[in-house]
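Welcome! Please take a moment to look over the sequence and the 3D view, and then we will walk through a few places together.

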Amino acid sequence: MQDYTYYFADGTKNTIEIDDEWYNILIKMDEAERKARYNYGRWNVPLSAFTFDGEKFADSNGDIFIKLMQQIEGEKFDKALDTLTDSQRKLFETVYYEERKVIDVAAEQGVGQPAISNRLDRIRKKIAKNLGLDRDILAFSSFNSEGT
């Protein structure tokens with residue numbers, strides 16, 4: 001037999017004597033609740049709490065110059081995308097916007113994964129060239145790994 005103490009929201013507490021089996025269950029439940037309460041505040045913040053005008057993590061009081069530069073860069077990127085062929089643009093959108101796995105796209109098109117990877121390499125180089133960059137801008141993108 002063990003003494004288990006209940007703590008109530010109003011600050012009062014009550015101690016009872018229970019079997020060891022029930023005591024262990026209650027202790028595990030208390031620990032799980034404590035961890036959930038601790039982790040919820042740390043990790044479970046909805047991203048909607050960080051959006052402004054549809055942009056994630058944007059500062060509503062942000063510098064107008066930075067906003068203007070983001071708009072200009074977005075327009076440049078759109079122009080770079082316009083230089084792609086229809087099939088290149090569709091592949092780019094499938095992998096980067098729809099976040100589809102390269103291997104899945106390859107299976108759908110009936111080709112090997114290296115063929116799709118090579119096409120994406122050419123697309124990224126073409127975009128980088130049209131943006132006036134001397135390196136592949138999307139080479140390290142989290143969406144570009146071979147398995148994703």
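Which residue just after H4 takes a positive phi? That residue is Gly110, with a phi of about 70°. Keep in mind as you read on that this is a predicted model.

**Helix H4**
- The buried residues of this helix are Val102, Val105 and Ala106.
- These three sit on the same side of H4, because they cover an arc of only 100° around the axis.
- As a general rule, an α-helix has 3.6 residues a turn, so residues three or four places apart point the same way.
- The buried residues of H4 pack against H3 and H5.
- On the face of H4 turned away from the buried side, you will find the exposed residues Ala107 and Glu108.

**The largest pocket**
- This pocket has a volume of about 210 Å³.
- Helix H3 (86-97), helix H4 (102-109) and helix H5 (113-130) are the elements that each give two or more residues to its lining.
- H3 provides the largest share of the lining, with 5 residues.
- Sorted by class, the lining has 5 charged, 4 polar and 3 nonpolar residues.
- Among the lining residues are Ser87, Gln88, Val105, Glu108, Arg119 and Ile123.

**A closer look at Gln88**
- Gln88 belongs to helix H3 and is one of the residues that line the largest pocket.
- Is Gln88 buried or exposed? Its relative accessibility is 19%, and the cut-off for buried is under 20%, so Gln88 counts as buried.
- Leaving aside neighbours within four places in sequence, Gln88 is in contact with Ile123 and Lys126.

**Aromatic rings**
- How many aromatic pairs does a search of the whole structure find? The search finds 5.
- Tyr4 and Tyr6 form an edge-to-face pair, 5.1 Å centre to centre with 85° between the planes.
- In that pair, Tyr4 counts as buried at 7% relative accessibility, whereas Tyr6 counts as partly exposed at 34%.
- Phe92 and Tyr97 have ring centres 5.8 Å apart and planes at 90°, so this pair is edge-to-face.
- Phe92 is buried, with a relative accessible area of 3%, while Tyr97 is partly exposed, with 48%.
- Ring pairs also link Phe77, Phe92, Tyr96 and Tyr97 into a cluster.

Definitions and conventions
Residues are numbered from 1 along each chain as its sequence is written. This is a predicted model: local features need pLDDT of at least 70, side-chain atom pairs count only at pLDDT 80 or more; totals for chains, interfaces and linings use all residues. Side-chain values use heavy atoms; hydrogens and water are left out. On a 1 Å grid over the protein atoms alone, a cavity is a set of points where a 1.4 Å probe fits but cannot get out, and a pocket is an open set with protein on both sides within 12 Å along at least five of seven lines; lining residues have an atom within 4 Å of a point. Grid points are joined across faces, edges and corners, and a volume is the space filled by probe spheres set on the points. Helices (H or I, at least four residues) and strands (E, at least two) are DSSP runs, numbered from the N terminus. Ala, Val, Leu, Ile, Met, Phe, Trp, Tyr, Cys and Pro count as nonpolar, Asp, Glu, Lys and Arg as charged, and the others, Gly among them, as polar. Buried means under 20% relative accessible area, exposed over 50%, partly exposed in between (1.4 Å probe, protein chains only). The arc is that of the directions from the helix axis to the C-beta atoms. Contact means heavy atoms within 4.5 Å. Rings of Phe, Tyr and Trp (its six-membered ring) pair if their centres lie within 6.5 Å; planes under 30 degrees apart count as stacked, over 60 as edge-to-face and the rest as tilted.
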